[in-house]
Amino acid sequence: MKATTTKFELKMGLATREAYGQALAELGRANPNVVALDADLAKSTYSATFAKDFPERFITCGIAEADMVSIASGLALAGKVPFASSFAVFLCDKAYDQLRMCVAYPGVNAKFCGSHGGISIGEDGPSQQAVEDFALMCSLPGFVVVCPADEHAARALVHRMAEHVGPCYMRTGRPKVPVIYNAEEKFEIGKAKVHGSGRDAAIVACGLEVGYALQAQAQLEEEGIHARVLDMHTLKPLDDAAIAQAARECGALVTAEEHVLDGGLGARV
Amino acid sequence: MSVPRVESLTELKRLANRLRIDIVRMIGAAGSGHPGGSLSEVELLTALYFRVLRHDPKRPEWPGRDRFVLSKGHGCPALYAVYAAAGYLDPAVLPTLRKLGSPLQGHPDKRMLAILEASTGSLGQGLSIGIGMALAAKMDQADYHVFVMTGDGEVQEGQIWEAAMFAPYHKLGNLTLIVDCNQQQLDDWTEKILSLEPLAEKFRSFGWRAVEIDGHDFEQVLPALEQARANPGAQPTAILAHTVKGKGVSFMENNIKWHGVAPKPDEVAKAVAELEAAAQQL
């Protein structure tokens with residue numbers, strides 16, 4: 001694949017959180033066992049999109065994240081496919097013990113979505129910004145951890161999460177993000193999307209940083225530096241082969257993410 | 001369906017006595033564990049598994065079974081002993097309690113023992129798990145009942161009150177919470193650590209039907225559990241079962257030391273002798 005400067009013209013699309021809600025509603029239509037839970041942030045996480053279509057399968061737990069995660073576990077143990085959402089920082093940080101004990105350790109088939117990941121949520125400030133969620137969630141055994149770059153990746157990965165038997169966590173973002181993929185693009189858990197084959201540098205990114213990485217790639221190209229971009233939409237299991245190949249073939253490896261240095265994509269790479 | 005029912009009160013008492021012997025021996029063999037809170041819950045578990053629960057040891061994954069979640073995971077030796085007596089487990093595995101690789105982990109681990117309804121041990125979570133199961137039953141129009149047992153000290157966990165708010169609001173009449181009120185927690189008497197009283201009033205004010213019973217008296221335990229199981233209404237039930245920590249072994253009863261210490265071989269022998277003597281009186 002040839003890197004081009006057309007990435008500058010990326011069209012703005014939906015926020016990944018909005019695409020999450022749409023995909024969840026699609027899942028609801030396809031599978032009567034899919035249920036959704038939220039902790040009083042349904043309008044922000046967009047689980048409200050599911051709730052509108054399937055009120056009888058939507059459980060609003062109040063501002064009680066620990067209760068919500070354990071309830072999701074109970075639903076899954078009774079045969080449901082629960083998707084529980086809140087802001088990433090409240091879901092992962094407040095209910096970490098519940099994610100560990102009620103979901104990860106017993107390997108329960110429950111799915112979680114933390115919205116408003118990273119610092120791009122903006123003015124609400126650090127109390128609302130999740131910059132540790134990758135570290136927390138990647139350290140839980142058996143959890144799949146994904147962070148889609150655009151609406152199409154988000155939609156596809158919600159479906160992959162539903163197909164995967166076992167615990168999954170998706171981080172979505174607040175702001176609208178550029179459209180990188182087309183609606184038919186196929187996504188596989190644990191398989192990075194490689195953009196370009198430049199050998200001077202590889203930018204390994206996830207979430208909204210993928211759009212920025214593609215912009216950087218185009219700018220570098222104009223300066224005669226040939227870079228490739230790895231959309232690492234799955235942080236766990238990490239696509240080791242793609243990283244090893246990029247490290248072998250490229251002069252430099254750079255990571256880009258909205259997360260503290262410890263325990264995030266950079267640390268994992 | 002082959003539900004192991006024990007009809008007579010005397011037989012139930014004998015069974016509870018035998019389970020206590022199993023528990024003391026298991027924890028003694030393990031060299032660590034929680035005898036106090038295991039012995040306090042014996043009549044409650046015996047009544048559940050031999051009279052109240054709709055279940056079938058031959059089909060542990062039967063979707064229509066009643067669920068029991070032991071939220072006070074440290075009390076699992078009693079549950080394991082009950083599983084063995086009911087036919088879920090080969091009694092030969094009981095002495096492997098807490099051994100590396102044993103299905104009988106120190107706290108209930110569903111990965112190691114699939115018949116457990118949940119992995120527990122981090123206090124305060126079981127009631128919420130039970131709520132998830134009770135919600136699923138309502139969505140599926142299934143008529144199974146969900147029982148959850150917590151300790152009384154465990155009720156200090158904030159998540160319990162998140163769940164306590166949730167269950168009545170969602171009209172989960174198919175859910176019953178049993179609080180094993182043995183009055184002690186690890187460090188001291190519960191009333192000295194962080195008072196819970198008036199606990200029944202707290203649950204009632206949250207919308208529960210709360211009843212208080214003597215948790216060692218089958219004549220109170222059985223009707224309380226049976227009424228909760230048959231609850232036709234929308235209110236969840238909280239059964240506050242007043243019990244004695246270490247019940248049945250004189251030197252363990254109400255002695256805080258036995259919260260989380262295993263009896264040594266001579267202490268096991270003494271406890272078993274006492275329990276066997278008590279069995280003669282039944």
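Student: Helices here are DSSP runs of H or I with at least four residues, strands are runs of E with at least two, and both are numbered from the N terminus. With that settled, where does A:D40 lie?

Tutor: A:D40 is in the loop of chain A that runs between strand 1 (34–38) and helix 2 (42–45). Please keep in mind that this is a predicted model.

Student: What is the phi of A:D40?

Tutor: Phi of A:D40 is near 65°, which is a positive value in a residue other than glycine.

Student: And how many other C-beta atoms lie within 10 Å of A:D40?

Tutor: There are 16 other C-beta atoms within 10 Å, so A:D40 is partly exposed. A residue would need 20 or more to be buried, and 12 or fewer to be exposed.

Student: What about B:R98, where is that found?

Tutor: B:R98 is found in the loop between helix 4 (76–86) and helix 5 of chain B. B:R98 is not a glycine, yet its phi is positive, about 70°. It has 19 C-beta neighbours inside 10 Å and therefore counts as partly exposed.

Student: Changing topic, how confident is the prediction for chain A?

Tutor: Chain A averages a pLDDT of 96, and 97% of the residues score at least 70. Over residues 1–7 of chain A, however, the pLDDT is below 50. That stretch has 17 contacts in the model beyond near neighbours in sequence. Where pLDDT is low, the predicted coordinates should not be read in detail.

Student: Now the sheets. What is the strand order of the four-stranded sheet in chain A?

Tutor: The order is 7-9-8-11, in an open sheet with mixed pairing. Strand 7 (193–195) and strand 11 (253–256) of chain A are at the edges with a single partner strand each, so one side of each has no neighbour in the sheet. On average, and with direction ignored, neighbouring strands of this sheet are turned by 20° against each other.

Student: Which helix packs on that sheet?

Tutor: Helix 9 (residues 209–222) of chain A does, touching strand 7, strand 8, strand 9 (227–231) and strand 11 of chain A. Its direction makes about 170° with that of strand 9 of chain A. Helix 10 (residues 240–249) of chain A also lies across strand 7, strand 8, strand 9 and strand 11 of chain A, and it runs at about 165° to strand 9 of chain A.

Student: Is strand 8 of chain A enclosed or open, and why?

Tutor: Four of the five residues of strand 8 of chain A are buried, so this strand is largely enclosed by the rest of the structure. Four bridges join strand 8 (residues 201–205) to strand 11 of chain A, and the two run parallel. Strand 8 and strand 9 of chain A also run parallel, joined by five bridges.

Student: Which residues stand across from A:A202?

Tutor: In strand 11 of chain A, the bridge partner of A:A202 is A:L253. In strand 9 of chain A, A:R228 stands opposite A:A202.

Student: How does the chain cross from strand 8 to strand 9 of chain A?

Tutor: The chain passes through helix 9 of chain A, and this β-α-β crossover is right-handed.

Student: What does the sheet in chain B look like?

Tutor: Five strands form an open sheet of chain B in the order 1-2-3-5-4, with parallel pairing. Its edge strands are strand 1 (67–70) and strand 4 (209–214) of chain B, each pairing on one side only. Strand 1 is joined to strand 2 (residues 146–151) of chain B by four bridges, and B:V69 stands opposite B:V148 in strand 2. Helix 5 of chain B packs on the sheet, touching strand 1, strand 2 and strand 3 (175–181) of chain B.

Student: How many residues does each chain bring to the contact between A and B?

Tutor: Chain B gives 22 residues and chain A gives 23 residues. Helix 5 (126–139) of chain B supplies the largest share of the side of chain B that touches chain A, namely 10 residues. The residues of that side divide into 11 nonpolar, seven polar and four charged.

Note on methods:
Residues are numbered from 1 along each chain as its sequence is written. Chains are lettered from A and ligands numbered from 1 in the order in which they are written. This is a predicted model: local features need pLDDT of at least 70, side-chain atom pairs count only at pLDDT 80 or more; totals for chains, interfaces and linings use all residues. Two residues are in contact if their C-beta atoms, placed from the backbone, lie within 7 Å. Ala, Val, Leu, Ile, Met, Phe, Trp, Tyr, Cys and Pro count as nonpolar, Asp, Glu, Lys and Arg as charged, and the others, Gly among them, as polar. pLDDT is the predictor's confidence in each residue, from 0 to 100. Two strands pair if DSSP finds at least two bridges between them. Axes are lines fitted to C-alpha atoms, for helices over the stretch in contact, and angles run from 0 to 180 degrees between N-to-C directions. A crossover is right-handed if, with the strands pointing away from the viewer, the path from the first strand over the helix to the second runs clockwise.
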